[in-house]
Amino acid sequence: MAGRKVGDLSAALIGLIGARGPLSRAEAARLLKVSPARVTQATRTLVESGILTEIGTAPSDGGRPAILLDLTTDRRRALGVKITPNHLAFSRVDLAGNAEESTSVNLNTAAPDALERIVQVVGEEVRTGSGELLGIGLALPGSLDEADALVTSAVLGWHRVPLPDMLEHATALPVFVENDVNALAIAARLYDDSLAEDFALVTIGIGIGCAFTMGTRIYRGAHGGAGELGHILVDPDGARCACGLRGCLETLIGDNALTDRAVTAGILPSGGTKDQLNAAAAAGDQRALELFRWAGEQLGRTLASLVHVVDPSVLVVSGEGVDVWSFWEPGFSPALRAHLPRHRRDLRIVVREWGEDTWARGAAALVFASPFDRVGSSSSRSQVSSLLHEGA
Ligand SMILES: [Zn+2]
């Protein structure tokens with residue numbers, strides 16, 4: 001593959017220290033299952049180039065105190081890029097997960113020159129933005145064929161497009177691609193210590209998405225298509241979905257479906273928007289509140305099934321739609337718990353506030369977290385499996 005890369009071991013060290021905090025060389029060698037000599041060699045370069053800093057000592061078994069290494073957070077950043085059907089947003093994110101204000105550019109991904117536009121916009125940012133970049137993380141509603149680095153996304157109108165190679169070629173930076181919901185889960189795992197290894201993350205908004213970790217990895221399935229919760233059949237006689245099937249969960253409780261229902265029910269005028277629906281509920285419109293309560297109930301029931309299948313320790317709810325979660329909640333919790341066995345009814349639910357930079361942060365996390373499953377294997381740079389290697 002074209003493109004400059006951070007060495008696998010170096011990148012693994014960055015990701016490990018980013019996730020766990022300061023570590024000694026011996027501890028890093030143990031966790032990465034490589035020899036201390038290799039770690040010493042890799043860290044020398046990282047310290048010289050200002051990515052890692054020696055920050056003092058900790059007691060060690062061997063008598064001599066071990067020097068701890070930490071990230072020099074103000075030096076290096078990754079560019080997190082989120083692609084949706086109508087725009088592209090990007091932000092520089094440091095190793096500790098702090099994102100700069102994101103920039104958004106309108107773009108129709110189905111247009112014939114969309115890929116060239118993306119390469120142009122991202123290339124421009126790489127050349128003119130401040131600070132050095134470690135790489136580019138791309139989060140999008142689709143999946144990557146790892147073998148040949150081609151991206152497919154029905155939502156974006158792409159079938160096996162070579163965007164990763166185009167971007168690497170244009171920027172000379174390593175490019176990491178991941179399904180957007182998986183990217184969020186990787187960021188959650190990377191930055192949130194309170195999440196246990198087995199958690200499921202669900203997003204609500206235009207689409208309904210889901211990612212789950214299995215052991216310490218993101219579970220992707222055989223073709224990268226795991227977690228398509230929005231396309232679970234909930235109503236055999238339901239409306240046609242964007243995916244071509246009928247009666248998917250998304251056709252009931254996706255943003256567009258809720259807005260359509262609100263128009264049909266006379267809650268909104270013809271041509272009304274999701275924002276207006278949110279506003280109606282916030283103003284106390286009982287019918288709007290009832291619609292959200294009903295949506296929460298549908299989601300709760302569906303997620304109960306998910307819990308039966310994958311048994312997560314925590315359920316994280318996020319996505320653009322959580323800004324009105326308080327309206328979903330009255331339907332959600334009772335429906336979820338009513339469909340769980342008694343001993344699982346105390347399942348922990350975490351609602352993650354949504355911010356402008358959340359996707360970009362997730363995308364950037366790909367760069368920091370990705371090396372982990374590439375330690376000892378140079379076969380793939382694009383599929384990330386999280387931090388989440390062995391013991392991390
Ligand atoms: Zn569908």
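**Close-up 1. Surroundings of Leu68 in the predicted model.** With 18 C-beta neighbours inside 10 Å, Leu68 counts as partly exposed, because the count falls between the 12 or fewer of an exposed residue and the 20 or more of a buried one. In this predicted model, Leu68 belongs to strand β3, which spans residues 66-71.

**Close-up 2. Crossing of helices α9 and α10.** The axes of α9 (residues 274-282) and α10 (residues 286-310) come within 7 Å and cross at roughly 110 degrees, which means that α9 is roughly perpendicular to α10. The crossing in which α9 passes α10 is left-handed. On the α9 side the contact is made by Leu277, Ala280 and Ala281, and on the α10 side by Ala288, Leu289 and Phe292; these contact residues divide into six nonpolar, no polar and no charged.

**Close-up 3. Ile136 within the largest nonpolar core.** The largest nonpolar core holds 101 residues, of which Ile136, Leu138, Leu201, Val202 and Ala364 touch the most other members. Not counting residues up to four places away in sequence, Ile136 touches Ala78, Leu79, Val81, Val122, Leu167, Thr171, Leu173, Val175 and Val367. In soluble globular proteins, nonpolar side chains tend to be buried together.

Technical notes:
Residues are numbered from 1 along each chain as its sequence is written. This is a predicted model: local features need pLDDT of at least 70, side-chain atom pairs count only at pLDDT 80 or more; totals for chains, interfaces and linings use all residues. Axes are lines fitted to C-alpha atoms, for helices over the stretch in contact, and angles run from 0 to 180 degrees between N-to-C directions. Helices (H or I, at least four residues) and strands (E, at least two) are DSSP runs, numbered from the N terminus. Angles under 35 degrees count as roughly parallel, over 145 as roughly antiparallel, 65 to 115 as roughly perpendicular and the rest as oblique. A crossing is left-handed if the near helix is turned anticlockwise from the far one by less than a right angle, and right-handed if clockwise. Two residues are in contact if their C-beta atoms, placed from the backbone, lie within 7 Å. Ala, Val, Leu, Ile, Met, Phe, Trp, Tyr, Cys and Pro count as nonpolar, Asp, Glu, Lys and Arg as charged, and the others, Gly among them, as polar. A nonpolar core is a set of buried Ala, Val, Leu, Ile, Met, Phe, Trp, Tyr and Cys residues joined through C-beta atoms within 7 Å.
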